[in-house]
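Dear colleague,

I am passing on to you the structure we spoke about, with the sequence alongside. My notes on what was found in it follow below, and I would be glad if you read them with the structure open.

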Amino acid sequence: MRRLTVLRSPVGAASAVLLTILLALAIFAPLLWGDRAAAINTDALQQGPSADHLLGTDQLGRDIFFRVLVATRLTIGLALLATVIGVATGLVLGSVPSVLPRWAARIVTSAVNIAVAFPGLLLALFFAVIFGTGTIGAALAIAFAITPSFARLTQTLTASVSGRDFIAAARVCGVGRFRLLTRHVLPNIAEPLVINATLAAGSALTAFAGLSFLGIGVQAPSYDWGRLLGEGLNRIYISPAPALGPAVAVVLAGLAFNLFGEAAAAGHRQRSHRAATLAPKTTSAPADAGLLTVRNLHVSFPGGITPVRGVSFTVHKGEMIGVVGESGSGKSLTALAVSRLVEHPGTVTADTLEFNGKPLDRTPDRELGTRLAMVFQDPTTSFNPTKRIGRQIAEVSEVHQGLGRGAAARKAVDRLDAVRIPEPERRAKQYPHEFSGGMRQRAMIAMGLMGEPQLVIADEPTTALDVTVQREVLKLLARIRQDRSAAVLLISHDITVVAQTCDRVLVMYAGRIVEELPTDELFTAARHPYTTALLKAVPDLDTDRDAPLAVIPGRPPEPGEIGRGCPFAPRCPLADDQCRTEEPELTTHRQDHRVACWKSETELAGVR
Amino acid sequence: MSELVFTNVTVRFGHHTAVDDVSLTVPAGQVMGLVGESGSGKSTLAATAVGLRKPTSGHIRADGKVQMVFQDPYSSLDPRMSIGNSIAEAMPRGTDKKAEVARLLELVNLDPGRATALPARLSGGQRQRVALARALAGHPRVVIADEITSALDVSVQGAVLNLVRDLQRQLGLSMLFISHNLAVVRYVSDRIAVMKAGRIVEEGPAGQVLEDPQHEYTRELLAAAPRRHTRLEAS
């Protein structure tokens, strides 16, 4: 199934057809037309193209068209042979260092590194001279010219796989080095290797044609396309067809291999890296005033996958709201949609998506850049490692507020001070790697404070941090809200973190809000079975150590798996037929408390 | 019995000392919780116990085999190998591999019929159970669990913790349970060791360490751990 994805792109399909034709020719042409290609006809020497001889005849009167067809077998066969030898040798040279003792590995690696420095064709010519002219010599020459780059590729890929935990796990289990290589490393690097081998076959084919053309490849009476090209070239001014025929064949075959390889590589890249670009789409309708108003927000991706399915909430000025959910619940995408950061091919739609009373898609970047601040999970990747922290923070004000360089730099120092980074002036001149994780996260918040943010969206801001640091960052967010009356939208998988800091909690499950309630009531009056189960399942410092932890059976659904009915129904102890067929809406249960559940209060009390 | 004993273990990377003269005993049949922040040397200490890293000085003694369960179930299983084969690989020669794989899968509450599935077909929690089954396949006396729940969804984490506790008691394993999450460590451990900057700063019975912490840093960790009913005010 997976391998066939290559055929779905037009380039992949076309090159696959071309390759099939070439292989068919290689197999059948000598059987069908071998005699005609070899038939000497002294009455028709060196003729131009005619109805009898499409590409004319050579100096012995043999039909060049059929000779080109028949030569397919030798040409492709030799190219493949050279590739197989080259790739196999490269694979061995590239992977033995992981099995050899360290000193021997170092010698092999250095030798490969030196060989990589020489251009392939130069190596091929060098080896061709050593091995002598002739078919075998040329094949070996081209094979060994391919070898170094393959050895290097194998080394690099092996190194990247060797760092993974499953290799360490296998070593702990006592798996030997050789078995590690054959069972764990090679299968995991096979795909890029096969793709590169296809590309290498294309180059081997053209290189072989080149050697034969120069007279150091295939020798008479054997003939390949390169040799036919060489023979035809002598009289190209009298009759171009005999030279053009094999030339076209070489180009077509070379293209077929290369394009197929490229298409396969593109398919591979697509699978290993699924990313998206920008296409926000919003329609607006009147809604009750709030700083941020979201009504019926959807975020979808091609293939009918909709990870956010109709989310509605309001953030008022100066409020701290927590969004809790597990991976795949759509909480992060909701945050990204609100900050207009959902990337292509994702599409965002909403009945209302308003910030500060204005539709979000009509809010100018500059305004959004100063009024809305975003803090991400991983402070290591949020900063450019090659620029000083102070510079990066200052840039925000240069771009969005038109401040001069000096003024922006002073403001940056002031904001670093505001997030309690000690010695802000000295720290501003440092690079991100000189900051600890917690300091980087505070610097990230300082960057958000360069404008006058009315809303800070923090997406798992403390997940990558240690607990003692986590507390500092959470306190900082609370202080920003107090001092600047900015609203905070805190997204977290950790319900205790949210419970400690926020006024209201939104619980998300499978792309929807399933419960919204004041934090004070979270532990006493939560109604949705998912919320209550979550509260029981997460241990804290007061959990009874002698009882088993409460468990929610099953797992949260992937965005592609959400079907009819309440998405929590498969894991819910109260689920009945209605739950499994109809999805409940989020309805107001009591003031400030909304729940999406069919069950009544008395039924729910049973599981609490 | 099957203790795991670290004696004056030091690990240096260049000038950096990751583990600094650590002596620690995981008593037979008990769970030693090891808490500390990232970079405190917890994982490096674990790596020395299974031979993934050689200590610069000091030595480690374990009676019987030591096995390890890794943090990230998405990278600790070979994506190209069926889960049954991954488990079978860790078994001693001459075992009836098929039957043993089925037994182990059943032990970790997975359907033995899924032995031929690739890891991609499994959820994070299920993968972590496979990793646990693989660790048990070599009949270890000592198991090291390095942050085994931190990559899991919170609703799934509880099931894995219950399983770890059950298996540990049922098989009488000695266990070094590493986590940065004090609440999780508290739940599974008989004793707790606190590590900071490569050193063990406090060690003792779980209840004692949590209720009457002696070291300043332990108190700091306890104060920082999120609690349900205390609100964090702006400082």
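In chain A, strand E11 (residues 512-518) has 6 of its 7 residues buried, so it is largely enclosed by the rest of the structure. Please bear in mind throughout that this is a predicted model.

On one side, E11(A) pairs with strand E10 (residues 504-509) of chain A in the antiparallel sense, over 6 bridges, and within that pairing Glu515(A) of E11(A) is the bridge partner of Val507(A). The two strands E10(A) and E11(A) form a hairpin with 2 residues between them, and in the turn Ala510(A) has a positive phi of about 50°. E11(A) is also joined, by 2 bridges, to strand E13 (residues 593-595) of chain A, and these strands too run antiparallel; here Glu515(A) has Val595(A) as its bridge partner in E13(A). Glu515(A) is therefore a residue to look at in both pairings, since it is bridged to Val507(A) and to Val595(A), within a strand of which 6 of the 7 residues are buried.

**A helix pair in chain A**

Helix H13 (residues 389-400) and helix H16 (residues 437-448) of chain A have axes that come within 8 Å and cross at roughly 25°, which makes H13(A) roughly parallel to H16(A). Their crossing is right-handed. The contact is made by Ile389(A), Ile393(A) and Val396(A) on the side of H13(A), and by Ala443(A), Ala446(A) and Met447(A) on the side of H16(A); divided by type, the residues of this contact are 6 nonpolar, with no polar and no charged ones.

**The contact between chains A and B**

The contact takes 50 residues from chain A and 48 residues from chain B. On the side of chain A that touches chain B, at least two residues are supplied by each of several helices, among them H6 (165-172), H7 (177-214) and H17 (467-484), and H17(A) gives the most, with 9 residues. This side of chain A divides into 25 nonpolar, 11 polar and 14 charged residues.

**Asn8 of chain B**

Asn8(B) is found in strand E1 (residues 4-13) of chain B, and because it has 12 C-beta neighbours inside 10 Å, it counts as exposed. Leaving aside neighbours within four places in sequence, Asn8(B) is in contact with Asp21(B), Ser23(B), Ser57(B) and Gly58(B). The C-alpha atoms of Asn8(B) and His59(B) are separated by 6.9 Å, although these residues are 51 residues apart along the chain.

With best wishes

Methods
Residues numbered from 1 in each chain as written. Chains lettered and ligands numbered in written order. Predicted model: local features only at pLDDT ≥ 70, side-chain atom pairs only at ≥ 80, totals over all residues. Buried ≥ 20, exposed ≤ 12 C-beta atoms within 10 Å, placed from the backbone. Helix = DSSP H or I, 4+ residues; strand = E, 2+ residues; numbered from the N terminus. Pairing = 2+ DSSP bridges. Contact = placed C-beta atoms within 7 Å. Nonpolar A, V, L, I, M, F, W, Y, C, P; charged D, E, K, R; others polar. Axes fitted to C-alpha atoms, helices over the stretch in contact; angles between N-to-C directions. Parallel < 35°, antiparallel > 145°, perpendicular 65-115°, else oblique. Left-handed = near helix turned anticlockwise from the far one by under 90°.
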